[in-house]
Amino acid sequence: MQSLRIHHIGYLVKKIEKAKQTFLALGYLIEQDTVYDDIRKVNICFLTRDGYRVELVSPATEDSVVSGLIKRYKNSPYHICYETDDFEADIARLTDDGFIAIDTPTPAPALGGRDVVFLSNAAIGMLELLRTNHPEQTS
């Protein structure tokens, strides 16, 4: 799947402000400060360092999509996000290759409203697909 490019590593955290301060102390820079995603009920912050982007994800409510994950995994990386120019075709290819979509494509407020979908595979866990922001989609 040549069209997939790594966009970020999703890092699950209990306390986003404390995690943000720790990443800043490690030399990361804030790319986008904390945004509330009301669809998934999470707080999200993007940081960068040395060409890498980390997405801090923290549950904002008990019924957040990551509330169960935070109880199980605590603070840890939990997904890789791939950006794609061929969103629907890559979803089809991944499902043909044994990935299971665990949600439906929905806009991501922290990513400019671009569509994302999460998929899971027993061998590697979860990944996120992000639709490339085409010029006609900019606001």
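Is Asp-90 buried or exposed? At 0% relative accessibility, Asp-90 counts as buried in this predicted model.

**View 1. Salt bridge between Arg-93 and Asp-90 in helix H3.** The closest N and O atoms of Arg-93 and Asp-90 are 2.3 Å apart. The two residues are three positions apart in helix H3, a separation of about one helical turn. Asp-90 is buried, whereas Arg-93 is partly exposed, with a relative accessible area of 36%.

**View 2. Salt bridge between Lys-20 and Asp-33.** The closest N and O atoms of this pair are 2.5 Å apart. Lys-20 belongs to helix H1 and Asp-33 to strand S2, so the contact ties together parts that are 13 residues apart in sequence. Lys-20 is buried, at 4% relative accessibility, and Asp-33 is partly exposed, at 41%.

**View 3. Salt bridge between Asp-85 and Arg-5.** In this pair the closest N and O atoms are 3.3 Å apart. Asp-85 is in the loop between strand S5 (76-84) and helix H3 (87-96), and Arg-5 is in strand S1; the pair links distant parts of the chain, 80 residues apart. Both residues are partly exposed, Asp-85 with a relative accessible area of 44% and Arg-5 with 33%. The count for the model comes to 13 salt bridges.

**View 4. Cys-45 and Cys-81, in no disulfide.** The sulfur of Cys-45 is 15 Å from the closest cysteine sulfur, that of Cys-81, which is too far for a bond. The count of disulfides is zero. Cys-45 is buried, with a relative accessible area of 0%, and Cys-81 also counts as buried at 0%.

**View 5. Positive surface patch.** Lys-14, Lys-15, Lys-18 and Lys-74 form the patch. Lys-14 is found in the loop between strand S1 (5-12) and helix H1 (16-25). The relative accessibility of Lys-14 is 45%, so this residue counts as partly exposed.

**View 6. Asp-38 and Asn-43, with C-alpha distances to Gly-10 and Pro-59.** Asp-38 lies in the loop between strand S2 (29-37) and strand S3 (42-49) and counts as exposed, at 51% relative accessibility. Asp-38 and Gly-10 are 28 residues apart in sequence, and their C-alpha atoms are 18 Å apart. Asn-43 lies in strand S3 and is partly exposed, with a relative accessible area of 21%. The C-alpha atoms of Asn-43 and Pro-59 are separated by 6.4 Å, with the two residues 16 apart along the chain.

How values were computed. Residues numbered from 1 in each chain as written. Predicted model: local features only at pLDDT ≥ 70, side-chain atom pairs only at ≥ 80, totals over all residues. Heavy atoms only, no water. Disulfide = S-S within 2.5 Å. Buried < 20%, exposed > 50% of the residue type's maximum accessible area, 1.4 Å probe, protein only. Patch = residues over 30% accessible without salt bridge, like charges linked within 9 Å, V, L, I, M, F, W, Y side chains within 5 Å. Areas by Shrake-Rupley, 256 points an atom, 1.4 Å probe, with all protein chains shown as cover. Salt bridge = Lys/Arg side-chain N within 4 Å of Asp/Glu carboxyl O. Lys, Arg positive; Asp, Glu negative; His and termini not counted. Charge placed at Lys NZ, Arg CZ, Asp CG, Glu CD. Helix = DSSP H or I, 4+ residues; strand = E, 2+ residues; numbered from the N terminus.
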